[in-house]
Every structure is written in structure tokens, then in C-alpha cells.
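Work through each task before reading its solution.

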Amino acid sequence: MAAPAGGGGSAVSVLAPNGRRHTVKVTPSTVLLQVLEDTCRRQDFNPCEYDLKFQRSVLDLSLQWRFANLPNNAKLEMVPASRSREGPENMVRIALQLDDGSRLQDSFCSGQTLWELLSHFPQIRECLQHPGGATPVCVYTRDEVTGEAALRGTTLQSLGLTGGSATISPGGPSKPKKSKSGQDPQQEQEQERERDPQQEQERERPVDREPVDREPVVCHPDLEERLQAWPAELPDEFFELTVDDVRRRLAQLKSERKRLEEAPLVTKAFREAQIKEKLERYPKVALRVLFPDRYVLQGFFRPSETVGDLRDFVRSHLGNPELSFYLFITPPKTVLDDHTQTLFQANLFPAALVHLGAEEPAGVYLEPGLLEHAISPSAADVLVARYMSRAAGSPSPLPAPDPAPKSEPAAEEGALVPPEPIPGTAQPVKRSLGKVPKWLKLPASKR
């Protein structure tokens, strides 16, 4: 099926016959027929009566997104289909490519499942009835459907096969792979645990799951002392857009686009290392919850704590604990309705301002004991800086390198000692100027 809205990856916009647009999140393996079915289900249309059109071309609905040659955020249009795709006439010619090179061919209805397709042939039906502890697999293009439940729930139409012919590889009952030592991975893991159980416990132990001291405080902007008089009202000419403003903004957009286009591709391991480095650098999260009456509740959390922990913290300091409320961030307005999501996953890291919305407005939201000790925002900033610096200094620093032994000769006076390379940073490549090619002319140096 198409990816759910709100996830990462590519997206496509489909214009329905009623004039409404529907955005569908897609993955590289999403079939265009699934995009059409998702749009028709939302707009109450029959997907068998429509095709998808991009610019002037009617798309092949059996193609996956990776093979459709469509740009991200492509604008598609639903048009009446040249022929209906429902009824018994939608037959697909399927060829099963076996491991020995032979093929089993027959015609099937597009509504039949892969399990029915495999069970149709006696050679494969016998293997399915006596699997011997193995798992049946079907591979179509780059999609792999594994297990009896998945094969029973996957139809040819869900793979985009509504006509013509296709080749499917029944990967056959697949057995678990063995490691280089010839043992099953499960046996190898059990032996690893027996050899070093303490190391296994350290690996499985959750990182920084214990809560921290919340240190709740309440601040209000009206308690801030005005250090200087407010400036005079600015004239209307100050807000008018000039040609220089447009040029500067255009230069900023060009620079930002160039930076994004020339950004290097990074591997998954490198991204995970960056996330780990951020979590080690900021072991605490400072969050502020802004109430409708402009009071701000401040507290500290760990990045691995969830949105549900934040809601419990807010509810514990409400004057009415039975108040129905929701939390959201802006811009754009995003309601934090997934209570199992961590603060790091919700982009509330290392500090964020969260808004509180209530279904029924109240005169006072926080408990009176906190309101009596409300402070100014600048005083709350001092507490955050003091607490975060203390939290950042809690991990033990890296050990300092041992001084050079006295027995080693000291470097000659005036000699340049190359600095130690910093891990994680690219080091410049040193080249000797004596090996410059003859065709390269350097204006700064005379040879």
C-alpha cells in the first residue's frame, strides 16, 4: 500500500474529477495502481473506471514508482479509463521462473492471490504442503513477499498486474542462512551470550531511560523588567520591500539551494553516528509549555523519554487534572498525538517550545502554588543555561594524553610539529610544490 501521510520519502499529488487534490506518500516499491486506489478511496470513486495521466501521457498503472520516471511531488490527473479493469476479462499471463531454469505458465485472474497462484501448480503445491520448516517466498521485480500470511494477502492486482504477462520467481521455501562458520545465526548468538554474558547485558541495556529532575518553574513575560524604553513607532516606509531586499533574499535562496544540491551523500551508518553524537552532546532536553494565558511551564527531560512523559508532567501541574488538552508545535501546527514517540523523534531536541491547547477554555490552568513563585523569562533562561551546562559536564571527559617520556629527545627548536588530526573531520591533502606539472602555471610562485 502507499506510505501513510506524514512519513518521509516522495509524494505525488493527484487531481480528482471533482476538482480536489489528494497527496499520497509513496516509496520506491509503491505501484501506481495503489496511488490511484488510495485517491479513489478518499474521494469515493471507482478505481476501475479511471487512469492516471501525467502531462500528456497516460501512465502504466502496473509500474512501480522507481520505474515510472516521475519527479517528486509530480502532479497527476485522474482521467476516464480507455477500458474497464473490472470483470473476468482481466486475465494475466504468469510465468513462474524455477531455480532449475524451467518455467511454469498459466493465466490467472488479477484478483487471485500469490498463494493461489503457487498452489495451482502441482510441483509447487507439494512443497507448500510439506515445507519442512522453511518459508515460501515470491519475488516480483524487487518486491519480496515472504510467508504464507503475506502470500494469501497479496493479489496480482496489488502488485500492479491487471493485464498482459509477467514473470514471478518463487524463491521456494527459503531456509535460514548460515554464517561463515557453518552454524545458524541463532546458535551463534547463544554461544556469544555464553562466552560474554556481561557484554550482552550492556548491549541490551537501554540508554538514559531513567528520568531526570524536572525542576519545574513557571515564568510570565509580563514579569520581565524593561531595561530600556520601547523604541518609537516605525514609519510605514520601513516595512516596504525594496529592490535591495529582493536581491539579498534571492542571493540567500540561491546559496541555500546550492548548499542542498552540493551536499554529499551520507551512508546510514554515518547518519546513525551523527545521531549518537548529538545524543551524547545533549543528554538533557529543556522544554517549555506555553499556556493560553501566556504562562510558561518549564521542565527538563531526557531525549529518550516520550511525548506521554511530557503530557504526564504537564497534567501533574495543572490546577484541574481532569482538563482535556492537547500539545502541539508550530509552525506549521503539528499536534503531538503519538504518545509513544520519543522527544528526539518529535524534533523537541535539545530545546523546544510546545503549545498547549484546551477543548474548553479555563481562567487559570496551572496550580496556584506554582503561579505564586512565577519568575521572569530571563531568570528561566539562566536556570536553563546553568542546568544544561551541568548536564553537559556530567559525562566523564576523555582522558588527556600522557605527556611524552623524558627519555625521548625533544623536538628541535624552531621545528614545526604537525598537529594531531581531529577524528571525524576531513584532513587536507598535502602536496609538494616540487611535483607541480609543467602545464600548470601558478601566478603566485615563480619557477
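**Exercise 1: a pair between loops**

Arginine 294 and aspartate 222 form a salt bridge, their closest N and O atoms being 3.4 Å apart. The model is predicted: local features need pLDDT of at least 70, side-chain atom pairs count only at pLDDT 80 or more, and totals for chains, interfaces and linings use all residues. Residues are numbered from 1 along each chain as its sequence is written, and side-chain values use heavy atoms, with hydrogens and water left out.

Task. Which parts does the pair of arginine 294 and aspartate 222 tie together?

Solution. 
1. The criterion is a side-chain nitrogen of Lys or Arg within 4 Å of a carboxyl oxygen of Asp or Glu.
2. Arginine 294 lies in the loop between strands S12 (285-290) and S13 (296-301), and aspartate 222 in the loop between S11 and H7, so the pair links parts 72 residues apart in sequence. Helices (H or I, at least four residues) and strands (E, at least two) are DSSP runs, numbered from the N terminus.
3. Aspartate 222 is exposed at 53% relative accessible area, whereas arginine 294 is partly exposed at 42%. Buried means under 20%, exposed over 50%, and partly exposed in between (1.4 Å probe, protein chains only).

**Exercise 2: a pair within a helix**

Task. How many residues apart are glutamate 148 and arginine 152 in helix H4?

Solution. 
1. Their side chains meet in a salt bridge (2.9 Å, N to O).
2. The two are four residues apart in H4 (residues 148-153), about one helical turn.
3. Glutamate 148 is partly exposed at 38%, as is arginine 152 at 46%.
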